[in-house]
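Here is a brief report on one protein chain. Keep the sequence and the 3D view open while reading.

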Amino acid sequence: MPEGPELHLASCYINTVCAGLIFSGKVEKSEVSKNPEVLFESDAYLISATSRGKEIKLTLTPLKEEKNLLPGRGRDREGLSQNGLQQPMDLVFRFGMSGSFKLASGAELPKHAHLRFYTKESPHRALCFVDIRRFGRWEVHGTWQLDRGPCVMLEYETFRENVLRNLSDKAFNKPICEALLNQKFFNGIGNYLRAEILYRLKIPPFEKARTVLEALQHRKQQSPDLTLSKKVKLKRENPDLLELCHAVPMEVIHMGGKGYSPEPSDDAAAFEEWLQCYCVPGMRSLHDGNGRTIWFQGEPGPMAPKGEKSRKRRSWVNADPEPPSPKATKPVPKRRSKGSSGQEKVAKRSGRKKGKELVQGAENAKANEARKPNARSRRKASASQGSPMSEAPAADRKRQASARRSTALPPGTHPPGPRETGESGEVESPPAVTHQLSTPPWI
């Protein structure tokens, strides 16, 4: 989110790129923006900018007074004098979460350019207010907001006096991390600046603001015998909270960049290297009473929110990374072309039909196999067919049993030997009765 240094750099950028440029025509607003129309039109005008805390003011100044010669074009009387001349106009901008300014070609306007000022030269160029998230606001004929205090960067002495004179205000009953975001007293301080300021002074972010600032009222005065250079040196070596509220933003301004360098440079890398606490690995973080994240080191302080555990930022880079354990990954489906989608749908439907047919065939085969006897039962059936006991009817078996009982010899006699012969001349032996046990059905 743009803070005081970013808006000051934006004003410097506008004054640099617009120096010597003459703008002309109407000011265009995008259709999606909900901000007011800027009813300003001039054949030739200049643009300049100034900043104050988290606000920036653009001044549109006509080069010469012009008569309203085009009444049919809908020019508003609000921006004209009594004799129909275009008057200078002030536009006050607040950047919100992602506002910025950019000078671009008129034929290739940047995306999300919600307000455009066109140059008179050919080919045209445009100074654009770019806001991706559309939280930025502008005010026509605007002035600095009355509820904002002096700028911490450009009005330091007035800023310091305003804070120390109003320590009885209820705003200082809150933790110091929340008080630093109050633009009534700290105009220009934002989320990353408060984290860096408190970190350098080792002040717990949830210490009561009044407790921290009252100590500055009773600060010991420097000895009058010290030279000016020694006083400045001591002040730099031991700054207090209000002095850092001025010095830390000025460091960012002197570093430059932040997307406003005339030449391309690696601004993000330089800014990240400058940060000592905000989003730095190893630092802790908590949400304050407004839901904003505060980064700090050490203990949070006595007014820390209860029931919330502090999170610790972990570094993404590991010095000695361990080899990752192999994990089963699902194959990524290939992207299919639109032309083959119809054929794939037909193939899927036919595949479903074939699959159903295969499933039905498999079920029928299982049913047939269930009706057919298995190999063991077939072996049992063949064995039972080969045995004479199974072939002979029950009546024959009874006659054979009764014949054996009737031919039984009395005790002391011997069975007749093989003396009788048949018609073929061979000795006939008594018929051998074979008994074959059938296999039990449960084996």
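## The second largest pocket

The second largest pocket holds about 490 Å³ of space. The model is a predicted one. Which residues lie nearest the centre of this pocket? They are Met1, Pro2, Glu6, Gly99 and Lys258, out of 22 residues that line the pocket.

Three elements each supply at least two residues of this lining: helix H1 (4-17), strand S5 (99-105) and helix H4 (191-201). S5 gives the most, with 4 residues. By type, the lining divides into 13 nonpolar, 4 polar and 5 charged residues.

## The largest nonpolar core

In soluble globular proteins, nonpolar side chains tend to be buried together. Here, the largest nonpolar core has 49 residues. Val163, Phe186 and Leu213 have the most contacts inside it. Several helices each supply at least two residues of this core: H2 (156-165), H3 (176-179), H4, H5 (209-217), H7 (241-255) and H8 (267-274).

Leaving aside neighbours within four places in sequence, Val163 is in contact with Phe172, Phe185, Phe186, Leu213 and Leu242. Another core, of 27 residues, lies apart from the largest one. Leu7, Tyr13, Ile47 and Phe129 are among its residues.

Which residues of H2 are buried? They are Tyr156, Phe159, Arg160, Asn162, Val163 and Leu164.

An α-helix has 3.6 residues a turn, so residues three or four places apart point the same way.

## Backbone points to check

Where does a cis peptide bond occur? It joins Ser122 and Pro123, with omega about 0 degrees. Pro123 lies in the loop between strand S6 (113-119) and strand S7 (125-131).

Two residues call for a look at phi. His141 is not a glycine, yet it has a positive phi of about 55 degrees. Its place is in the loop between strand S8 (137-140) and H2. Is His141 buried or partly exposed? Its relative accessibility is 34%, so His141 counts as partly exposed. Cys279 also has a positive phi, near 60 degrees, in a residue other than glycine. Cys279 sits in the loop between H8 and strand S9 (284-287). With a relative accessible area of 30%, Cys279 is partly exposed.

## The chain as a whole

The chain has 12 helices and 11 strands. Of its 443 residues, 35% are buried. The accessible surface of the chain comes to about 29,400 Å². Carbon and sulfur atoms account for 53% of that surface.

Terms used
Residues are numbered from 1 along each chain as its sequence is written. This is a predicted model: local features need pLDDT of at least 70, side-chain atom pairs count only at pLDDT 80 or more; totals for chains, interfaces and linings use all residues. Side-chain values use heavy atoms; hydrogens and water are left out. On a 1 Å grid over the protein atoms alone, a cavity is a set of points where a 1.4 Å probe fits but cannot get out, and a pocket is an open set with protein on both sides within 12 Å along at least five of seven lines; lining residues have an atom within 4 Å of a point. Grid points are joined across faces, edges and corners, and a volume is the space filled by probe spheres set on the points. Ala, Val, Leu, Ile, Met, Phe, Trp, Tyr, Cys and Pro count as nonpolar, Asp, Glu, Lys and Arg as charged, and the others, Gly among them, as polar. A nonpolar core is a set of buried Ala, Val, Leu, Ile, Met, Phe, Trp, Tyr and Cys residues joined through side-chain atoms within 4.5 Å. Buried means under 20% relative accessible area, exposed over 50%, partly exposed in between (1.4 Å probe, protein chains only). Contact means heavy atoms within 4.5 Å. Accessible areas come from the Shrake-Rupley method with a 1.4 Å probe; for residues, only the protein chains shown count as cover.
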